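Subject: Structure for your review: salt bridges

Dear colleague,

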Amino acid sequence: MTFFTRSLRAKPVTILALLALFLLAGCGSSGSSTTSTGSTTPKGTLIVGSKLDIEAQLLGRMYTLLLTKAGYTVTPKLALGQTPVLDAAIKSSAIDIYPEFTATGLSQINAKSSYDPQKDYDTVKAAYKKFNVTWLDYSPLNDGYGLCTSQAQADKMGFKTFSDVAAKVSQLTLATQSDGITYIDGLKPTYGFTTANFKAVKKVDYSIGFSALKSGDANIAECYTTDGSVTAQGNIFLTDDKKGFPEFHPAPLVRDAILSKYPDIKDVLNKLAPLLTTDVSIQLQKQVTDKKNGGTSISQAVKEVATQFLKDKSLL
């Protein structure tokens with residue numbers, strides 16, 4: 001699969017410049033305005049955005065499809081950019097709705113995780129009131145940080161859990177993206193180690209971490225919990241047995257002005273929330289990747305997979 005770094009920070013000038021470029025030039029859109037077809041009485045117009053990764057595009061496309069069925073004319077701006085671009089876009093009213101993750105929301109307000117998903121959600125929901133943005137219901141799907149190793153390494157070292165890693169951390173080499181370091185360092189209160197306790201740390205791009213596992217250059221790699229390619233490459237997820245990583249649960253972010261004008265948006269999108277689990281995300285991303293490998297464009301593959309999922313759940 002194709003995955004993208006979870007960039008949480010960028011220079012403000014760069015963010016605004018990128019935002020203007022995307023919106024004025026129409027870049028980041030995965031299709032033109034979708035005319036309402038599910039309601040006999042047309043409602044208002046909405047702009048739905050998403051980040052670059054496949055999972056975010058799937059969520060954004062599902063929002064678009066559900067809102068279109070409900071009678072709205074929706075302009076999708078999928079794959080618009082990373083967190084800073086989407087954050088700036090919704091706060092400036094350049095977009096109306098986009099999927100965000102709870103732990104990412106905490107980073108945006110410089111808050112630490114409570115390691116309780118409901119409390120973290122309540123924190124970001126309350127904090128975003130000052131931005132005139134509402135968090136709708138969050139999903140059980142957890143696209144968070146994880147630690148992975150090869151099956152061969154797990155068998156050799158007896159690794160199954162983070163606690164197993166903690167017992168031998170000084171003997172191990174870690175491969176991680178730079179954005180994963182903060183979260184791994186955050187494991188200290190729970191497991192007693194940080195990146196400084198590893199024998200060595202290799203700062204690499206996400207995909208390179210798996211190559212390092214395969215070659216033996218690393219014993220442990222940072223990974224994402226909804227990355228289906230982890231097991232496909234012969235690796236395993238280690239169990240976060242003491243819940244040391246914060247959880248990343250997606251929810252639709254909606255501008256208050258839009259929600260006040262069209263309150264039914266809440267009911268339309270909240271129906272989707274309980275259906276989105278970690279396993280579902282892995283399966284849907286794999287379907288998109290399979291279609292892409294068969295010659296379908298990513299945007300079209302995302303649309304087809306999202307549409308079929310909603311039909312299967314009787315939401316379309």
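Helices, as the term is used here, are DSSP runs of H or I with at least four residues, numbered from the N terminus. Please note that the model is predicted.

By this definition, residues 278–293 form helix H14, and aspartate 290 and lysine 286 are four residues apart within that helix, so about one helical turn separates them. Their side chains form a salt bridge, with an N to O distance of 3.0 Å. Aspartate 290 has a relative accessibility of 43% and is therefore partly exposed; lysine 286, at 48%, also counts as partly exposed.

A salt bridge of 2.5 Å (N to O) connects the side chains of aspartate 264 and lysine 43. Because aspartate 264 belongs to helix H13 (residues 264–270) and lysine 43 to the loop between helix H1 (12–25) and strand E1 (45–51), this pair ties together parts 221 residues apart in sequence. Aspartate 264 is partly exposed, at 24% relative accessibility, and lysine 43 is likewise partly exposed, at 36%.

Aspartate 96 and arginine 255 also meet through their side chains, at 2.8 Å from N to O. Aspartate 96 sits in the loop between helix H3 (83–91) and strand E3 (97–101), while arginine 255 is in strand E10 (residues 250–255), 159 residues away. Both residues of this pair, aspartate 96 and arginine 255, are buried.

Yours sincerely

Technical notes:
Residues are numbered from 1 along each chain as its sequence is written. This is a predicted model: local features need pLDDT of at least 70, side-chain atom pairs count only at pLDDT 80 or more; totals for chains, interfaces and linings use all residues. Side-chain values use heavy atoms; hydrogens and water are left out. A salt bridge is a side-chain nitrogen of Lys or Arg within 4 Å of a carboxyl oxygen of Asp or Glu. Helices (H or I, at least four residues) and strands (E, at least two) are DSSP runs, numbered from the N terminus. Buried means under 20% relative accessible area, exposed over 50%, partly exposed in between (1.4 Å probe, protein chains only).
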